[in-house]
Amino acid sequence: MSKSIEDIANMELNYEAFKELAKKQDLSVYEKIGFPDAYRQGFENIIFEDIRNKADLLNSTQKVVLDIGSGCSELSQMMKDICKQNQHELIMSDSEEMLSFHKDENFITKVPGLFPKTIGDIKGLFSQVDIIICYSVFHYIFLDTNVWEFIDKSLSLLSSGGQFLIGDIPNISKRKRFFSSEQGIKFHQDFIQDNNSIPDVKYNLIEAGKIDDSIIYAIMQRANLAGFDAYLLPQNVQLPMANRRDDILIRKP
Ligand SMILES: C[S@@+](CC[C@H](N)C(=O)[O-])C[C@H]1O[C@@H](n2cnc3c(N)ncnc32)[C@H](O)[C@@H]1O
């Protein structure tokens, strides 16, 4: 039986929990990667277009691509398809359990395990990776590992002109800005079907485990100071969480 939005939303997800989701027979591919169907079904084409527009080297040919946290939904299939079509080499980083959904193909190298701990397994690729995609994964990396190790090691893999997209980052500051706005209040009222309800937005809180503007801007500054260009980009407004999620694109000059 399919899990409800609440069941999935209430799960404490991290790298280990995703392994368990991957093994559950009764979940949809979206639920296996931690999303209620309503957040992904019918949207993955738009997500992929958004990724391709930002990490546009995907549209050229014969690049080295690293997908951190590939998952197992159609989005991972789209990534494999574009890599095959454009003769890219694709390195897929995720748990053994998630990677088992992807059959072995000659353009794919699987690196099972928690990134960046697995970096040693791809060490031949320092300064050789043209495109790194980390989509809807950073908030788990933020909980499971050292963020700066993740950023520094990922940057060290990038080739000259390389692109690193850290996409779909839930930003609690952006969420608060939205739900304090006229549009956000209307969105909330439409969602719960009560025109008198006001979203519960609290400021001046210690937000343990949450990503806020300070983290987003610190990542960008860290990359800038290491010699990379970093950009904060909005998501396509058609995406269900565009009003509270951010994308960071880092480019090596
Ligand atoms: C929300 S899913 C996103 C999957 C895919 N990127 C997408 O957007 O459809 C998160 C994925 O990241 C993987 N993951 C989480 N932390 C990871 C880490 N530190 N290293 C590699 N994979 C990780 C999980 O196993 C899961 O497959």
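I began with the domain layout: 27 Å separate the centres of domain 1 and domain 2, taken over C-alpha atoms. The contact takes 11 residues from domain 1 and 9 residues from domain 2, where contact means heavy atoms within 4.5 Å. I noted the bounds too: domain 1 covers 5-170 + 211-251 and domain 2 covers 172-210, and such bounds come from an automatic or database domain assignment.

A reminder to myself: this is a predicted model, where local features need pLDDT of at least 70, side-chain atom pairs count only at pLDDT 80 or more, and totals for chains, interfaces and linings use all residues. Residues are numbered from 1 along each chain as its sequence is written, and side-chain values use heavy atoms, with hydrogens and water left out.

**Interface entry.** I looked up the area buried between domain 1 and domain 2 and found about 950 Å², with carbon and sulfur atoms giving 48% of that. Buried area here is the accessible area (1.4 Å probe) that two parts lose on being put together, summed over both. How many salt bridges does the rule find across the interface of domain 1 and domain 2? I got 2, a salt bridge being a side-chain nitrogen of Lys or Arg within 4 Å of a carboxyl oxygen of Asp or Glu. I also counted 6 residue pairs in polar contact between the domains, both residues at pLDDT 80 or more. On the domain 1 side that touches domain 2, helix H8 (138-144) and E7 are the elements that give two or more residues. For polar contacts, the rule wants a pair of N or O atoms within 3.5 Å; within protein, one must be able to donate a hydrogen and the other to accept it, and residues adjacent in sequence count only if both atoms are side-chain atoms.

**Salt bridge entry.** The structure holds 17 salt bridges. In one of them, the side chains of Arg177 and Asp213 meet at 2.7 Å, N to O. Glu16 forms another with Lys19, with the closest N and O atoms 3.4 Å apart. Glu16 and Lys19 are separated by about one helical turn, because they are 3 residues apart in helix H2 (residues 15-23).

**Sheet entry.** I traced an open sheet of 7 strands in the order E3-E2-E1-E4-E5-E7-E6, with mixed pairing. Strand E3 (108-112) and strand E6 (229-233) are the edges, each pairing on one side only. Helices (H or I, at least four residues) and strands (E, at least two) are DSSP runs, numbered from the N terminus, and two strands pair if DSSP finds at least two bridges between them. Strand E4 (residues 129-135) and strand E5 (residues 158-170) run parallel, joined by 6 bridges; Val129 stands opposite Leu158 in E5.

**Loop entry.** I checked the loop between E3 and E4, where Pro116 lies. Phe115 and Pro116 are joined by a cis peptide bond, with omega about 10 degrees. Ser127 is found in the loop between E3 and E4, and has a positive phi of about 65 degrees although it is not a glycine.
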